[in-house]
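I kept to what I could look up and wrote it down in the order in which I went.

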Amino acid sequence: MKGISQEAEQILMERFGHDSIIALATCTDNIPHVRSVDAYYDDGAFYVLTHGLSGKMRQIGENPVVAVSGEWFTAHGRAVNLGWFGKKENGAVARKMKAVFAAWIDNGHNNFEDRNTCILRIDLTDGVLFSRGTRYELDFRNKASVPDTDR
């Protein structure tokens, strides 16, 4: 793990280590854009199945700095287009996505032959997590999370 406490990581996995809806914010030309996306959390990153020609991917291409929010958690991150879902290098993530998103991934909405069907990884950098009266300041880069119950 990239420097958050085991307790905070466990909370993140309980909340987001499965098919989850989170808010994803991008910013282009000093205008913020936010939308809900289907994602799952794993080892300091969120993973999203999307289309490379979508508005969010165009915005990320211009500015990869993003923010996410959901279930008493907010964070900043850097978005990375991992490319086509079917690319050999994406095999492990694609298999996990197929399992995590099993309820809807093969419902006909996605075209896995389309080279623009891609995997978006959001590498988290910092965030704040609240759980059971505790505030966790999270630094996914190096520093351990610090519970703060005095707030």
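This is a predicted model: local features need pLDDT of at least 70, side-chain atom pairs count only at pLDDT 80 or more; totals for chains, interfaces and linings use all residues.

**Entry 1: helix 3**

With that cut-off in hand, I found that the cover over the buried residues of helix 3 includes strand 2 (31–42), strand 3 (45–51) and strand 6. The helix itself takes in residues 91–100, and its buried residues are Gly 91, Val 93, Ala 94 and Met 97. Looking down the axis of helix 3, I see these buried residues fall within an arc of 165 degrees, so they line one face of the helix. I wrote the general rule beside this: an α-helix has 3.6 residues a turn, so residues three or four places apart point the same way. On the face turned away from the buried side of helix 3, I recorded the exposed residues Ala 92, Arg 95 and Ala 99.

**Entry 2: the whole chain**

I then stepped back and counted 3 helices and 8 strands in the chain. Read from the N terminus on, the elements follow the order α-β-β-β-α-β-β-α-β-β-β. The radius of gyration came out at 16 Å, close to the 15 Å that the globule rule gives for 151 residues, so the chain is as compact as a globular protein of that length. The C-alpha trace spans about 50 × 35 × 25 Å along its principal axes.

I looked up how much of the chain is covered, and buried residues make up 46% of the 151 residues. The accessible surface comes to about 8200 Å², and 50% of that belongs to carbon and sulfur atoms. Among the contacts with a separation of 6 or more, 64% are between residues 24 or more positions apart.

**Entry 3**

Next I followed the pairing from strand 4 onward. Strand 4 (residues 65–69) and strand 5 (residues 73–84) run antiparallel and are joined by 5 bridges, with Val 65 standing opposite Arg 78 in strand 5. The two strands form a hairpin with 3 residues between them, and in its turn Glu 71 has a positive phi of about 40 degrees.

Strand 5 also pairs with strand 6 in the antiparallel sense, over 11 bridges, and there I noted Gly 83 opposite Ile 119 in strand 6.

Strand 6 (residues 117–131) in turn runs antiparallel to strand 7, to which 6 bridges join it, and Val 128 stands opposite Glu 137 in strand 7. This hairpin has 2 residues between the strands, and Arg 132 takes a positive phi near 50 degrees in it. Strand 7 (residues 134–139) is mostly covered, as 5 of its 6 residues are buried.

**Entry 3: Asp 123**

Within strand 6 I stopped at Asp 123. Is Asp 123 buried or exposed? I took the cut-off for buried as under 20% relative accessible area, and at 17% relative accessibility Asp 123 counts as buried. The side chain of Asp 123 makes a polar contact with the side chain of Arg 121, at 2.7 Å. Leaving aside neighbours within four places in sequence, I listed the contacts of Asp 123 as Gly 44, Ala 45, His 76, Gly 77, Arg 78 and Val 80.

Ser 20 is buried, with a relative accessible area of 5%. Which backbone oxygen lies 2.9 Å from a polar atom of the side chain of Ser 20? I found that it is the backbone oxygen of His 18, and the side chain of Ser 20 also reaches the backbone oxygen of Arg 15 at 3.4 Å. Beyond four places in sequence, Ser 20 is in contact with Arg 15, Val 37, Asp 38 and Ala 39.

Ile 22 lies in strand 1 as well, and at 2% relative accessibility Ile 22 counts as buried. Not counting residues up to four places away in sequence, Ile 22 touches Phe 16, Arg 35, Ser 36, Val 37, Ala 39, Phe 46, Val 68 and Ser 69.

Key: Residues are numbered from 1 along each chain as its sequence is written. Side-chain values use heavy atoms; hydrogens and water are left out. Buried means under 20% relative accessible area, exposed over 50%, partly exposed in between (1.4 Å probe, protein chains only). A polar contact is a pair of N or O atoms within 3.5 Å; within protein, one must be able to donate a hydrogen and the other to accept it, and residues adjacent in sequence count only if both atoms are side-chain atoms. Contact means heavy atoms within 4.5 Å. Helices (H or I, at least four residues) and strands (E, at least two) are DSSP runs, numbered from the N terminus. Two strands pair if DSSP finds at least two bridges between them. The radius of gyration is taken over C-alpha atoms; the globule rule is 2.2 Å times the number of residues to the power 0.38. Accessible areas come from the Shrake-Rupley method with a 1.4 Å probe; for residues, only the protein chains shown count as cover. The arc is that of the directions from the helix axis to the C-beta atoms.
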